[in-house]
Amino acid sequence: MSNKFAYFAGGCFWCITPLFKIQDGVIDVRSGYSGGDEPNPSYEEVKSQKTGHRETIKIEYDETKILYEFLLR
């Protein structure tokens, strides 16, 4: 198996996580935050857009079953 990782950020991770989880070749999807200056921000802090963070998902996928370019679409 040849696992790779892709990170997408900017929007609501609750909205996009299910779309990736159903794709054949996607192994795992984890949500979190990227960027920002506040260490260990809460969801409410990030949602308020005062920390500089963006909601982010980390996708682990098998590149023999799904291509990065497909994830971008």
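Is Asn40 buried or exposed?

Good morning. What we have here is a predicted model, in which local features need pLDDT of at least 70 and side-chain atom pairs count only at pLDDT 80 or more, while totals for chains, interfaces and linings use all residues. Residues are numbered from 1 along each chain as its sequence is written, and side-chain values use heavy atoms, with hydrogens and water left out.

Let us begin with the overall fold. The protein has three helices and three strands; these are DSSP runs numbered from the N terminus, helices being H or I with at least four residues and strands E with at least two. Starting at the N terminus, their order is β-α-β-α-β-α. Along the principal axes, the C-alpha atoms fill a box of roughly 40 × 20 × 15 Å. Of the contacts with a separation of 6 or more, 66% join residues 24 or more positions apart, a contact being heavy atoms within 4.5 Å.

Next, the interior. Of the 73 residues, 27% count as buried, that is, under 20% relative accessible area, with exposed meaning over 50% and partly exposed in between (1.4 Å probe, protein chains only). The largest nonpolar core has 11 residues, among them Phe8, Phe20, Val29 and Ile59. Such a core is a set of buried Ala, Val, Leu, Ile, Met, Phe, Trp, Tyr and Cys residues joined through side-chain atoms within 4.5 Å. Strand 3 gives the largest share of this core, three residues. Leaving aside residues up to four places away in sequence, Ile59 touches residues including Ala6, Phe20, Val26 and Leu71.

An α-helix has 3.6 residues a turn, so residues three or four places apart point the same way.

Finally, the loops. Most residues other than glycine have a negative phi. Asn40, in the loop between strand 2 and helix 2, has a positive phi of about 55° although it is not a glycine. To answer my opening question, Asn40 is exposed, with a relative accessible area of 75%. Gln49, in the loop between helix 2 and strand 3, has a positive phi of about 60°, and at 64% relative accessibility Gln49 counts as exposed.

Thank you.
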